Amino acid sequence: MPGLSAYVGFFELCSPKKGESVYISTAAGGVGQLVGQFAKLLGCYVVGSAGSQEKVELLKNKFGFDEAFNYKEEADLDAALKRYFPEGIDIYFENVGGKMLDAVLLNMKSCGRIAACGMSSQYNLEQHEGIHNLMNLILKQVRMEGFLVSSYYHLYPKFLETVLPHIKQGKITYVEDIVEGLENAPAALVGLFSGHNVGKRVIVVSRE
Ligand SMILES: NC(=O)c1ccc[n+]([C@@H]2O[C@H](COP(=O)([O-])OP(=O)(O)OC[C@H]3O[C@@H](n4cnc5c(N)ncnc54)[C@H](OP(=O)(O)O)[C@@H]3O)[C@@H](O)[C@H]2O)c1
């Protein structure tokens, strides 16, 4: 599911082109790590953000992102994005929402595309944060589109056709965060909301 989500959001919704600038939030998660690798294979400039230095290193050294930063250490997200995208962002793969989305809207290029995949920062709030910079969608003619991967299962064969040769050639890699035992599943789930996972969190119910 994370792989197909990455494929659909990036290729189907964003129509990426070689040389474009791509920004991914929650980039070390199950979805983001694949979006970044797809974008690099296409020849894009790719920057990801994540919530720890360990994840930042992973993005740069294992997944081959051009740049990565720890958003928790940035007092001003707008300034951080301007540092990595002085000419603006062509494609934003949205996994976080909230303040990050607001800052991204200020930094999109004309005719940019945003794939809204997730909004992790908003899931546990009683009242969702407001977004102030939506007018940029109009002024910059940016297209923002949400999606549910369940509406794209028919693309699963196409996704496998694209991704399997790259995996076999070692051009795409994947990090999973394995938790052993169903009894540990509740804590593992809660841990997702504090960024405890590095890569896609998977519960191993039994190895027999
Ligand atoms: N549209 C769809 O059909 C579809 C399909 C699959 C997934 N999704 C969504 O896509 C997003 C990415 O999925 P995934 O499997 O790659 O995610 P994931 O790795 O399971 O996401 C967990 C990560 O989210 C970040 N996070 C958690 N709470 C946060 C908060 N309050 N503020 C900012 N970041 C927070 C943390 O990363 P950091 O340490 O980097 O902060 C955490 O490690 C999720 O929002 C998921 O719900 C949507």
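This passage walks through the fold of one protein chain, from its overall form to a few individual residues.

The structure is a predicted model, in which local features need pLDDT of at least 70 and side-chain atom pairs count only at pLDDT 80 or more, while totals for chains, interfaces and linings use all residues. Residues are numbered from 1 along each chain as its sequence is written, and side-chain values use heavy atoms, with hydrogens and water left out.

The protein chain holds eight helices and eight strands; these are DSSP runs numbered from the N terminus, with helices (H or I) of at least four residues and strands (E) of at least two. Its radius of gyration, taken over C-alpha atoms, is 17 Å, which agrees with the value near 17 Å for a compact globule of 208 residues. The rule behind that comparison is 2.2 Å times the number of residues to the power 0.38. Along the principal axes, the C-alpha atoms fill a box of roughly 55 × 40 × 35 Å.

Of the 208 residues, 49% are buried. Here, buried means under 20% relative accessible area, exposed means over 50%, and partly exposed lies in between (1.4 Å probe, protein chains only). The accessible surface comes to about 10,700 Å², and carbon and sulfur atoms own 56% of that surface; such areas come from the Shrake-Rupley method with a 1.4 Å probe. A contact means heavy atoms within 4.5 Å. Among contacts with a separation of 6 or more, 64% join residues 24 or more positions apart.

The buried set consists of Gly32, Gln33, Leu34, Val35, Gly36, Gln37, Phe38 and Ala39. Their cover includes helices H1 (2-14) and H7, together with strands S1 (21-24), S2 (45-50), S4 (89-94) and S8 (200-204). Within H2, Phe38 counts as buried because its relative accessibility is 2%. Beyond its neighbours within four places in sequence, Phe38 is in contact with Gly3, Ala6, Tyr7, Phe10, Phe11, Phe159, Val163 and Ile172. Val56 lies 18 residues from Phe38 along the chain, and the C-alpha atoms of the two are separated by 18 Å. Just after H2 comes Gly43, with a positive phi of about 90 degrees.

Helix H7 (residues 156-168) has 13 residues and reaches 18 Å from its first C-alpha to its last, close to the 18 Å expected at 1.5 Å a residue. That expected span is 1.5 Å times one less than the number of residues. H7 is followed by Gly170, which has a positive phi near 75 degrees.

Most residues other than glycine have a negative phi. Ser15, however, has a positive phi of about 40 degrees. Ser15 lies in the loop between H1 and S1 and is partly exposed, with a relative accessible area of 38%. Cys111 is another such residue, with a positive phi near 65 degrees. Cys111 belongs to strand S5 (residues 108-116) and, at 43% relative accessibility, is partly exposed.

Glu73 gives a view of the outside. Glu73 sits in the loop between strand S3 (67-70) and helix H4 (77-84), and its 60% relative accessibility makes it exposed. Although Glu73 and Gly51 are 22 residues apart in sequence, their C-alpha atoms are 8.5 Å apart in space.
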